[in-house]
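User: I would like to learn how to read a few features of a structure. Please take them one at a time.

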Amino acid sequence: MKPNQESPADLELYYRQMVQIRAFENRCNAVYRAGKAGGYLHVYIGMEATAVGWINSLKIGWDYVITAYRDHAHPMLMGSDPVKLMAEIMGRKDGYSHGKGGSMHLYDIEKGFFGGWGIVGGHTPLGAGLAFGSKYKGEDRVTLNFLGDGAANAGVFFETLNMAALWELPCIFIIENNEFAMGTRLEYHAADTELAKRGYPFGMKHERLDGMDVLQVRQDAKRIVDWVRKNQKPYLVEVMNYRFAGHGAADNDRQLYRTKEEEDKAQHRDPIERMEHYLLKNNVMSEEKMEAIREEYETWADEVMEKADASPHPDPSEVYDHVYTDMEPEKGH
Amino acid sequence: MPTVNLTYREALRACIIEEMEADQNVFLMGEDIGRYQGTFRVTQGLFDKFGPKRIIDTPIVEPGFTGIAIGAAMTGLRPVIEMMTMSFSILALDQIINHAAKIHYMTGGQAKVPLVVRGPGGAANQLSAQHSHSMEGWYAHTPGLKVVAPATAEDAYGMLRTAIHDDNPVIFTENPGLYGVKGDIELNSGFSVPFGKARVARQGTDVSLIAYSRMVSVCEKAAEELEAQGIKCEVIDVRSLLPLDTETIFGSVAKTHRAVVVYEDWKSGSFGAEIAARIGEQCFDELDAPVARVGGLNVPMPYSRVLELECIPNEANVIEAVQRLS
Ligand SMILES: Cc1ncc(C[n+]2csc(CCOP(=O)(O)OP(=O)(O)O)c2C)c(N)n1
Ligand SMILES: [Mg+2]
């Protein structure tokens with residue numbers, strides 16, 4: 001891993017955040033298997049370093065973040081209440097959307113987290129719109145616009161890149177290249193697999209970056225976020241990571257699109273193990289302390305799950321709330 | 001000919017295989033339909049059988065691949081494209097409505113678009129607001145398209161054949177809740193079900209329940225319970241929305257003098273509302289009560305199972321509507 005100037009406290013923070021996300025995501029899978037969450041649920045296991053590195057480079061409470069349906073980690077890093085996130089994932093009244101959204105549709109607008117979207121590519125212009133809004137008002141906010149390698153083929157994404165460059169929107173497009181779009185491998189869906197080049201035709205600054213070494217990610221992210229804040233122009237990055245889990249909690253057929261050997265090989269890139277190795281080697285943290293931290297978050301995740309589970313299901317009468325701001329729709333069957 | 005008991009999903013697959021074997025111009029396109037065997041496994045095994053030339057995995061670009069299929073159809077190919085869910089066909093509305101549906105007319109009959117757009121439509125289990133749309137009403141509103149929604153495995157098999165043979169763009173919607181229902185299928189028989197012919201799913205004399213897709217079985221169950229209360233319901237499976245078999249529908253209403261139209265789509269402005277309007281216009285003298293409708297609640301589909309179940313019409317809603325008429 002890269003030698004760096006991070007303080008021991010920051011190093012511990014990144015480690016803790018990655019461990020915390022993984023514990024939370026493992027709990028989400030368990031909740032799904034127990035039938036306490038339904039529909040589609042997608043975990044971030046294996047990809048933790050990307051969100052940790054990038055979101056720690058933001059001014060939390062000021063900057064904006066938007067992503068697709070693989071959206072549990074981002075709000076947690078922005079200070080959202082994990083119990084309210086888990087309650088939403090379980091479809092409960094105390095969730096951020098009172099059970100209306102679910103795993104794919106988490107939002108904490110107050111913290112600057114704008115979701116949480118289920119249509120592949122569909123949120124990418126919305127993210128550019130957030131940047132449009134802040135620039136219009138003369139604010140120096142930065143928007144992180146996360147999307148997948150599969151989403152990077154969407155027509156609306158190309159339209160968005162053109163306008164973001166044309167209108168110099170302070171938006172960072174982060175293509176998380178985890179090598180798969182559901183069951184389709186990168187080379188079967190993209191004619192040119194170097195997705196960073198998507199920025200080239202629009203004259204947008206673009207780079208392909210690592211997404212597994214949290215310290216490297218953090219360094220790149222800080223540099224680029226600072227540049228975008230200062231210059232108020234868009235930037236595109238392709239971040240190389242890997243999804244260890246199936247596409248979603250319902251995907252039990254990973255063997256249809258990748259081999260066991262390939263998965264085993266990918267495990268060597270595990271961002272958490274890599275960080276542990278670094279912390280040990282540089283005498284930042286002992287094996288015992290890391291063990292204690294991992295246990296701490298196991299217990300924490302259990303507590304989060306229990307607290308969320310204590311929240312009631314929404315009342316059927318709530319079904320008409322929030323269709324409009326100022327009226328109710330036609331009611332009844 | 002061997003008769004086999006197949007699920008709706010297997011029946012679709014069997015028809016696809018037979019049609020692909022019969023006609024080299026038939027090919028499939030869609031997301032994760034090949035190597036991944038299809039999200040709902042309708043296309044399982046087809047990639048191995050027919051290879052990548054005819055079973056084409058696309059990027060996640062519904063407008064793009066739909067447009068390419070339309071163009072290919074204009075050259076005489078017969079594409080059958082899969083929408084992973086019909087909700088994603090919203091992205092391709094421009095290609096389907098503004099292009100495919102207009103081509104034969106705008107070219108004054110010079111060009112044809114023998115295209116099938118198929119996939120699961122409607123709510124499943126907590127897929128939330130962006131993945132639960134019933135799209136058939138949007139399409140059945142559009143002149144130039146044909147729209148079908150089979151409720152049984154037999155009809156899935158027979159109507160897909162008709163769709164593939166049709167020279168017009170056909171929207172073929174499959175409720176995800178139906179993939180497991182079984183039926184007896186006579187393979188390699190060329191069995192087909194013509195469009196524009198409704199099916200009388202249950203005979204009755206007191207009330208006509210008019211539905212399509214998964215709501216047919218909801219009506220059948222409601223009819224059973226109502227029978228116990230002495231109310232004999234006739235269940236009409238519309239199955240083809242455009243063209244619509246008004247003859248069978250009006251005939252049933254002339255017999256029962258009462259009609260309830262049942263559909264999962266949002267209640268307001270749906271195709272079910274169109275059916276109700278036609279009955280009101282054409283059967284006024286036959287009716288002993290106003291035409292009733294049972295539809296989905298007019299809200300984006302909520303994630304919570306409690307709220308979701310509130311939105312989707314069920315047997316109790318149908319029974320209540322019938323009782324209100326009697
Ligand atoms: C328009 C649209 N088409 C299809 C889907 C179904 N779908 C959901 S996720 C997904 C794969 C997306 O892959 P990628 O963008 O690489 O993101 P990742 O899941 O790897 O994070 C697909 C095909 C969808 N949600 N929206
Ligand atoms: Mg991906």
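User: Start with the ligand. How many residues surround ligand 1, and which are the closest?

Analyst: There are 21 residues around ligand 1. The closest are Y69(A), R70(A), G118(A), N178(A) and E62(B). A residue counts as near when one of its heavy atoms lies within 4 Å of the molecule. The residues around ligand 1 come from chains A and B, so the site is shared between chains.

User: What are the ground rules for the numbers and the model?

Analyst: This is a predicted model, in which local features need pLDDT of at least 70 and side-chain atom pairs count only at pLDDT 80 or more, while totals for chains, interfaces and linings use all residues. Residues are numbered from 1 along each chain as its sequence is written, chains are lettered from A and ligands numbered from 1 in the order in which they are written, and side-chain values use heavy atoms, with hydrogens and water left out.

User: Now helix packing. At what angle do α5 and α6 of chain A pack?

Analyst: Two packed helices are described by the angle between their axes and the distance between the axes. Axes are lines fitted to C-alpha atoms, for helices over the stretch in contact, and angles run from 0 to 180 degrees between N-to-C directions. Helices are DSSP runs (H or I, at least four residues), as are strands (E, at least two), numbered from the N terminus. In chain A, α5 (residues 124-136) and α6 (residues 155-166) pack at about 20°, with axes 8 Å apart. That makes α5(A) roughly parallel to α6(A). Angles under 35 degrees count as roughly parallel, over 145 as roughly antiparallel, 65 to 115 as roughly perpendicular and the rest as oblique.

User: Which residues make the contact between α5(A) and α6(A)?

Analyst: Contact means heavy atoms within 4.5 Å. T124(A), P125(A) and A128(A) of α5(A) meet V156(A), F157(A) and T160(A) of α6(A). By class, four are nonpolar, two polar and none charged. Nonpolar covers Ala, Val, Leu, Ile, Met, Phe, Trp, Tyr, Cys and Pro; charged covers Asp, Glu, Lys and Arg; the others, Gly among them, are polar.

User: Stay with α6(A). What does A165(A) touch beyond its sequence neighbours?

Analyst: A165(A) sits in helix α6 of chain A. Leaving aside neighbours within four places in sequence, A165(A) contacts F202(A), M204(A) and P234(A). Its C-alpha atom is 9.0 Å from that of G199(A), 34 residues apart along the chain.

User: How do α1(A) and α2(A) cross?

Analyst: The axes of α1 (residues 8-33) and α2 (residues 48-55) of chain A come within 10 Å and cross at roughly 135°. That makes α1(A) oblique to α2(A). Y14(A), Q17(A), M18(A), I21(A) and R22(A) in α1(A) meet E48(A), A49(A) and V52(A) in α2(A). Five of the contact residues are nonpolar, one polar and two charged.

User: Last, the backbone. Where are the cis peptide bonds from G115(A) and from L242(B)?

Analyst: Most residues other than glycine have a negative phi, and most peptide bonds are trans. The bond from G115(A) to G116(A) is cis, with omega near 0°. G116(A) lies in the loop between α4 (82-89) and α5 of chain A. Another cis bond joins L242(B) and P243(B), with omega about 5°. P243(B) is in the loop between β12 (240-242) and α8 (246-256) of chain B.

User: And what is the phi of H322(A)?

Analyst: H322(A) has a positive phi of about 75°, although it is not a glycine. H322(A) is in the segment after α11 (287-309) of chain A.
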